[in-house]
Structures are given as C-alpha cells and as structure tokens.
Amino acid sequence: QIKDPEKIQPNHWRCLNDSMWSPVPAVQVMAWRMLNRLKGEGWPQDLLDMMYMEEEQLAWARAGQMTVESSGGVVHKDSNGATIEAGDTVVLIKDLPVRGSS
C-alpha cells in the first residue's frame with residue numbers, strides 16, 4: 001500500500017493514531033507521510049493537526065515525500081527538490097554532535 005497509492009485502504013491506516021507518537025524518528029516520518037497521502041479522508045487531517053515533530057524530522061518528512069507524476073510513476077527528490085533519476089550519484093551526510101569539539 002505504501003508503494004502503490006491505488007491500493008491504499010484508508011481504514012487500515014487508522015493505526016497511525018498510535019504510531020505517530022513513537023519516539024523513533026523514522027516511524028514519525030512515515031506516519032506523517034501516510035497521513036498526508038490520506039488527507040482527503042478527513043480523519044488524517046485531525047491527526048496531522050495533533051502531531052508534533054521536531055523541525056529536523058519535519059524537514060526530513062517533507063524532503064523525502066514521494067509524489068506521483070501524471071504518468072503514474074513515483075518521483076524521488078533530494079533535499080533541494082531536484083528529481084533523482086536512475087544512475088544518479090547520491091551522497092548521504094549526517095553531522096553528529098561530539099562533545100568537546102567544534
């Protein structure tokens with residue numbers, strides 16, 4: 001259901017009511033993305049209004065949000081909004097805070 005928007009069963013995703021409060025950032029990001037995909041159902045918008053995410057997690061959720069082209073294919077975009085095509089080179093960077101260093 002995540003990969004194929006045509007097969008989404010909205011009532012199956014009501015479990016996001018509990019999952020969106022997970023302390024695991026990846027779970028929160030996925031819950032946010034699915035709730036946004038299901039906004040048209042009504043109840044997901046209420047959950048999105050209640051949901052709290054740190055700015056970094058919200059940026060992560062928005063940056064990797066999958067969009068569907070008019071041709072029906074999934075479009076993958078990077079953090080700058082550029083479309084990523086097959087064969088593109090991607091570099092992942094994560095800054096880790098280290099005590100006692102600048």
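Before the helix pair, a definition: axes here are lines fitted to C-alpha atoms, for helices over the stretch in contact, and angles run from 0 to 180 degrees between N-to-C directions. Helices (H or I, at least four residues) and strands (E, at least two) are DSSP runs, numbered from the N terminus.

The model is predicted, so local features need pLDDT of at least 70 and side-chain atom pairs count only at pLDDT 80 or more, while totals for chains, interfaces and linings use all residues. Residues are numbered from 1 along each chain as its sequence is written, and side-chain values use heavy atoms, with hydrogens and water left out.

Confidence next. pLDDT is the predictor's confidence in each residue, from 0 to 100. The chain average is 78, and 85% of the residues score at least 70. Where pLDDT is low, the predicted coordinates should not be read in detail.

Now the layout. The chain has four helices and three strands, in the order α-α-α-α-β-β-β. Of its 102 residues, 23% count as buried, meaning under 20% relative accessible area; exposed is over 50% and partly exposed lies in between, with a 1.4 Å probe and protein chains only. Contact means heavy atoms within 4.5 Å. Of the contacts between residues at least 6 apart in sequence, 46% join residues at least 24 apart.

How do α2 and α3 cross? The axes of α2 and α3, the latter being residues 43-50, come within 8 Å and cross at roughly 140°. The crossing is left-handed, that is, the near helix is turned anticlockwise from the far one by less than a right angle; clockwise would be right-handed. On the α2 side the contact involves W32, L35 and N36, and on the α3 side W43, P44, L47 and L48. By type, the residues of this contact are six nonpolar, one polar and no charged. Nonpolar here is Ala, Val, Leu, Ile, Met, Phe, Trp, Tyr, Cys and Pro; charged is Asp, Glu, Lys and Arg; the others, Gly among them, are polar.

Which residues of α3 are buried? They are W43, P44, L47 and L48. These lie on the same side of α3, because they cover an arc of only 140° around the axis, taken from the directions from the helix axis to the C-beta atoms. They pack against α1 and α2.

Last, S22, in the loop between α1 (16-19) and α2 (25-37). S22 counts as buried because its relative accessibility is 15%. Apart from neighbours within four places in sequence, S22 contacts V27 and Q28.
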